[in-house]
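Work through the exercises below with the sequence and the structure open. Each task is followed by a solution in steps.

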Amino acid sequence: MSQPAQRAANSQALSLPRFDGVVEQWRADGTPGVGETPAGVVLICEHASNTLPVDYPELGGDLGLDADTRASHAAYDIGALGLARGLAARLARVAGGAVLVHAPLSRLAYDLNRAPDHLAAMPPKSELHLVPGNQNLTPADRVARTQAICQPFHATVASEIAQLVARGRRPALIAVHSFTPVYFGQTRDVEFGVIHDDDTTLTMAVMMAAKDCGLDTRLNEPYSAAGDVTHTIRLHAVPMRLSNTMLEIRNDLITDAPAQDAMAERLAPVLAVALRETGAV
Ligand SMILES: [Zn+2]
């Protein structure tokens with residue numbers, strides 16, 4: 001690339017907005033704030049938000065979505081952020097603190113748990129919902145969203161983990177998701193899915209600890225790593241050899257704040273046992 005062309009490319013990149021991951025922290029006593037000891041657990045909620053980049057047409061704007069789609073599970077993981085916060089506050093007490101990184105934008109603008117070349121990263125269609133703003137994206141469109149949404153989020157996650165590792169802590173990474181009870185017309189009975197990547201240690205410990213939690217708990221349901229759903233774990237936990245697992249909760253069980261808190265109260269002891277038994281905390 002010639003120097004003027006390189007400068008033009010740089011200035012275009014500089015003019016893009018930057019959507020960093022949103023960071024929340026809890027101290028070792030479970031109260032919000034930055035603790036004196038490095039946190040032993042990092043929770044990640046890649047599908048926390050249904051906010052659209054409405055002020056940025058270069059990132060798809062409102063994607064042409066109707067209100068129903070914007071409020072649906074296609075746009076975000078319903079209830080997952082409230083659950084993740086409830087888990088973080090409780091796990092902070094057993095892990096010396098907790099960090100939560102969550103998404104500022106809808107996965108329909110960019111699915112942060114997918115690589116940039118994955119069709120579902122900027123999906124033209126999600127289950128039954130057409131996404132008008134994701135039809136016929138050009139390579140430049142895809143690069144813009146990757147630079148403005150995907151890279152900043154994962155830089156945030158990497159930075160939070162690096163700070164803990166630099167302070168002598170090897171945090172466990174727990175991804176928190178929810179799923180729809182009916183998918184393509186099929187009812188799903190599973191209530192709590194625990195999904196592993198190549199390192200199965202923490203996931204199997206969660207499965208054992210969940211035996212009496214009262215939920216229909218299943219391994220690698222409704223998704224598995226074979227469907228590329230462990231992208232975040234592969235980016236951040238695997239290279240650093242951090243304990244990791246991915247949780248999927250059926251979203252009809254966590255529709256409002258009281259239900260999210262009750263689910264956190266139910267699952268936190270399960271996760272605490274698994275973290276302790278595997279030596280992760
Ligand atoms: Zn999700």
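The model is predicted. A first point to settle is Asp77, which is buried, with a relative accessible area of 2%.

**Exercise 1. The zinc site**

Task: State which residues coordinate the zinc ion, how the donor residues are spaced in sequence, and whether His47 counts as buried or exposed.

Solution. 
Step 1. List the donors. The zinc ion is coordinated by His47 through ND1, Asp77 through OD and His177 through ND1, at 2.0 to 2.1 Å.
Step 2. Write the spacing. The donor residues follow the pattern H-x29-D-x99-H.
Step 3. His47 sits in the loop between β2 (41–45) and α2 (67–71), and Asp77 in the loop between α2 and α3 (80–95). The two are 30 residues apart, and the pair links distant parts of the chain.
Step 4. Check accessibility. The cut-off for buried is under 20% relative accessible area. His47 has 5% and therefore counts as buried; Asp77, with 2%, is buried too.

**Exercise 2. Helix α5 against helix α7**

Task: Describe how α5 and α7 pack, giving the angle and the axis separation, and sort the contact residues by type.

Solution. 
Step 1. Take the geometry. Helix α5 (residues 201–209) and helix α7 (residues 257–277) have axes 8 Å apart, at an angle of about 130 degrees.
Step 2. Classify the angle. Angles over 145 degrees would be roughly antiparallel and 65 to 115 roughly perpendicular. The pair α5 and α7 is therefore oblique.
Step 3. The crossing of α5 over α7 is right-handed.
Step 4. Name the residues. On the α5 side they are Leu202, Ala205, Val206 and Ala209; on the α7 side they are Val270, Leu271, Val273, Ala274 and Leu275.
Step 5. Sort them. The contact of α5 with α7 has nine nonpolar residues, no polar ones and no charged ones.
Step 6. Look at the buried part of α5. Leu202, Thr203, Ala205, Val206 and Met207 are its buried residues. These pack against β6 (172–179), β9 (192–195), β10 (217–219) and β11 (244–250), as well as α7.

**Exercise 3. Helix α3 against helix α7**

Task: Carry out the analysis for α3 and α7, starting from their angle and ending with the residue types in the contact.

Solution. 
Step 1. The axes of α3 and α7 are 8 Å apart, and the angle between them is about 40 degrees.
Step 2. This angle makes α3 oblique to α7, since the limit for roughly parallel is under 35 degrees.
Step 3. α3 crosses α7 in the right-handed sense.
Step 4. From α3 the contact takes Gly82, Leu83, Gly86, Leu87, Arg90, Leu91 and Val94. The α7 residues include Gln260, Asp261, Met263, Ala264 and Glu265.
Step 5. By type, the contact of α3 with α7 has 11 nonpolar, three polar and four charged residues.

**Exercise 4. Backbone exceptions**

Task: Which peptide bond is cis, and what is the phi of Asn136 and of Phe184?

Solution. 
Step 1. Recall the background. Most residues other than glycine have a negative phi, and most peptide bonds are trans.
Step 2. The bond from Glu221 to Pro222 is cis, with omega near -5 degrees. Pro222 is in the loop between β10 and α6 (231–236).
Step 3. Asn136, not a glycine, has a positive phi of about 55 degrees. Asn136 lies in the loop between β5 (129–130) and α4 (139–166) and is exposed, with a relative accessible area of 74%.
Step 4. Phe184 has a positive phi near 50 degrees and is in the loop between β7 (182–183) and β8 (186–187).

Terms used. Residues numbered from 1 in each chain as written. Predicted model: local features only at pLDDT ≥ 70, side-chain atom pairs only at ≥ 80, totals over all residues. Heavy atoms only, no water. Axes fitted to C-alpha atoms, helices over the stretch in contact; angles between N-to-C directions. Helix = DSSP H or I, 4+ residues; strand = E, 2+ residues; numbered from the N terminus. Left-handed = near helix turned anticlockwise from the far one by under 90°. Contact = heavy atoms within 4.5 Å. Nonpolar A, V, L, I, M, F, W, Y, C, P; charged D, E, K, R; others polar. Donors = N, O, S within 2.8 Å, 3.2 Å for Na, K, Ca; no water. Buried < 20%, exposed > 50% of the residue type's maximum accessible area, 1.4 Å probe, protein only.
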